[in-house]
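Please look over the sequence and the 3D structure below. A short report on the fold follows them.

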Amino acid sequence: MTGAGLRTGKVLVGRIGSVAGSLVVGQVLVGLTYVAAARQMEPAELGLVATCYAIATVASTIFDVGLTGYTIREVGGGDLTFLRARQLVTAKRRLVLLLVVPTVAASLLIMRQPIDGLVLGVVGWAVWEAQTANALLRMQEKFTKAVSAQLIGRAVGLAVVLGLLVVLPAQRALAIGLVTSFALEAAIDYSILRRNRHGASSQADLLSVHRRSYSFGIVSLAGIGQQLDTPAVTLGAGPGAGGIYAGAGRLLGPLLFLSWSMALVGAPWLARARNDPAELRREERRIGLTALGLCVGPLVAAAVGPTIIPWILGDQFAMSGTTFAVLAIGAALSTLNQGLALVLQNRKAEHFVGVTITVGLVTGLVVTYVAAVLGGAVWAAVGFVVSQIYILTRLAIRVFGPSRVPRHVEGTEE
């Protein structure tokens, strides 16, 4: 590799490392927030809160329909202006009741106390606002400010939980802390972005964008697969097993953010090279090697998890350690999938990526539910691994198989 190539590779890894570092620290703070509350809760109580949080988080990703990831790539590639991206976000916000009403209804049905259900029901909205605002800052290359807002929000959320645990039930303190964390991040981000004075795009324009962005949303769902699994485990094996699974899943977050950071940085990175086939192939190789390198973290975590996790969460969560180890193996596979999906999306194979990940997720959820019924949380974790193996196989065949020619050069998808 030439000196210029090495420098370019270092820039890519450096940017991924910077984004990953902030996301990992943010997730560590979220994990500590859960740990602080979990040590004063039974697994069944944590299972209910985690189920509501998982539903809200997944709902926010579905509601986004890949808009965040798509606009990041298109603005990075110069095919979309920041102004239009801001207008699309404003148009999307006008539909927020499509997110809030279902999540509030689900949380009210799950939680024993209505007030807890109401608070957890708006977590999805707060998560979407925080992630969208953070993405807008990154589009303007205001990475430091985006990182600062996120970390301040998570730190304040943890402080709120620690303070409220003195006067409120642990479930309610955790619910309020989670909402505070994301809502504060969004508020700080938008104070930096300032008010959008250019209005919203039309709903027809938004729908047109969503026809191209949906695969980004599905890829995001793959990255939070263990959160999507939590309600399935609770339904199949009860709140206790759901709490064990959630305890492992919440601590898995930093590992998954390694792959998410690659998606955030890699999409615009590849987009800049897609008009030069030779350069594109070099950048695709860099993405692949980076994905392989990022797999080391989850694999190491899988080896030490069974020993460390029970020590962190307490003896009542002893089985979370083994569950964590299985999920961490799935996280390593998910990291490889993120790299392959990036390459294919940049080749305009969004439809193939979307269908593959959808089938993989549905298959994984079915396996998770059945395994939870048969063997509890540990067996259920296998469902996440199964889904990632299926996705990896399909994406790898498409990337390295006979149809590996970058179709985006011709502007069509096979």
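**The chain as a whole**

This is a predicted model. The protein chain has 16 helices and zero strands. It holds 414 residues, and 58% of them count as buried. Take the contacts in the protein chain with a separation of 6 or more: 83% of them come from residues 24 or more positions apart.

Start with α16, which covers residues 350-400. A straight helix of 51 residues would span 75 Å at 1.5 Å a residue. Between its end C-alpha atoms, α16 spans only 16 Å. Where is the kink in α16 centred? It is centred on Gly-376, with an angle of about 150°.

Thr-368 is found in α16. Thr-368 has a relative accessible area of 0%, so it is buried. Leaving aside neighbours within four places in sequence, Thr-368 is in contact with Ala-380, Gly-383 and Phe-384, and also with Asp-229, Ala-232 and Val-233. Of these partners, Ala-380, Gly-383 and Phe-384 have numbers that fall in the range 350-400 of α16.

Helix α14 runs over residues 296-313 and has 18 residues. From its first C-alpha to its last, α14 reaches 24 Å, close to the 26 Å expected at 1.5 Å a residue. Yet α14 also has a kink, of about 65° at Gly-305. Gly-305 is one of the buried residues of α14, along with Pro-298, Ala-301, Ala-302, Ile-309, Pro-310 and Leu-313. Just after α14 comes Gly-314, with a positive phi of about 115°.

The loop between α14 and α15 (320-346) holds Gln-316. Gln-316 has 35% relative accessibility, so it counts as partly exposed. Not counting residues up to four places away in sequence, Gln-316 touches Ala-38, Met-41, Pro-43 and Ile-244.

**A packed helix pair**

Two packed helices are described by the angle between their axes and the distance between the axes. Helix α7 (residues 123-139) packs with helix α9 (residues 170-193) at an angle of about 35°. Their axes are 8 Å apart. The crossing of α7 and α9 is left-handed. Which residues of α7 meet α9? They are Val-123, Ala-126, Val-127, Glu-129, Ala-130, Thr-132, Ala-133, Asn-134, Leu-136 and Leu-137. From α9 come Val-179, Phe-182, Ala-183, Glu-185, Ala-186, Asp-189, Tyr-190, Ile-192 and Leu-193. By class, the contact of α7 with α9 has 14 nonpolar, two polar and three charged residues.

**A buried helix and its flanks**

Is α3 largely enclosed or open? Eight of its 10 residues are buried, so α3 is largely enclosed by the rest of the structure. The buried residues in α3 are Leu-67, Thr-68, Tyr-70, Thr-71, Ile-72, Arg-73, Glu-74 and Val-75.

The loop between α2 (43-64) and α3 (67-76) holds Val-65. Val-65 has a positive phi of about 50°, although it is not a glycine. At 24% relative accessibility, Val-65 counts as partly exposed. Just after α3, Gly-78 also takes a positive phi, of about 80°.

**Links across the sequence**

Leu-120 lies in helix α6 (residues 114-121). Leu-120 is buried, with a relative accessible area of 0%. Beyond its neighbours within four places in sequence, Leu-120 is in contact with Val-49, Cys-52, Ala-56, Ser-107, Met-111 and Ala-175.

Ala-291 has its place in helix α13 (residues 277-294). At 2% relative accessibility, Ala-291 counts as buried.

The table pairs Leu-120, Ala-291 and Gln-316 with residues elsewhere in the chain.

| Pair | Separation along the chain | C-alpha distance |
|---|---|---|
| Leu-120 and Cys-52 | 68 residues | 6.4 Å |
| Ala-291 and Leu-333 | 42 residues | 9.6 Å |
| Gln-316 and Ala-38 | 278 residues | 9.8 Å |

Cys-52 is also among the contacts of Leu-120. Likewise, Ala-38 is one of the residues that Gln-316 touches.

Definitions and conventions: Residues are numbered from 1 along each chain as its sequence is written. This is a predicted model: local features need pLDDT of at least 70, side-chain atom pairs count only at pLDDT 80 or more; totals for chains, interfaces and linings use all residues. Side-chain values use heavy atoms; hydrogens and water are left out. Helices (H or I, at least four residues) and strands (E, at least two) are DSSP runs, numbered from the N terminus. Buried means under 20% relative accessible area, exposed over 50%, partly exposed in between (1.4 Å probe, protein chains only). The expected span of a helix is 1.5 Å times one less than its number of residues. The bend at a residue is the angle between axes fitted to the seven residues ending there and the seven starting there. Axes are lines fitted to C-alpha atoms, for helices over the stretch in contact, and angles run from 0 to 180 degrees between N-to-C directions. A crossing is left-handed if the near helix is turned anticlockwise from the far one by less than a right angle, and right-handed if clockwise. Contact means heavy atoms within 4.5 Å. Ala, Val, Leu, Ile, Met, Phe, Trp, Tyr, Cys and Pro count as nonpolar, Asp, Glu, Lys and Arg as charged, and the others, Gly among them, as polar.
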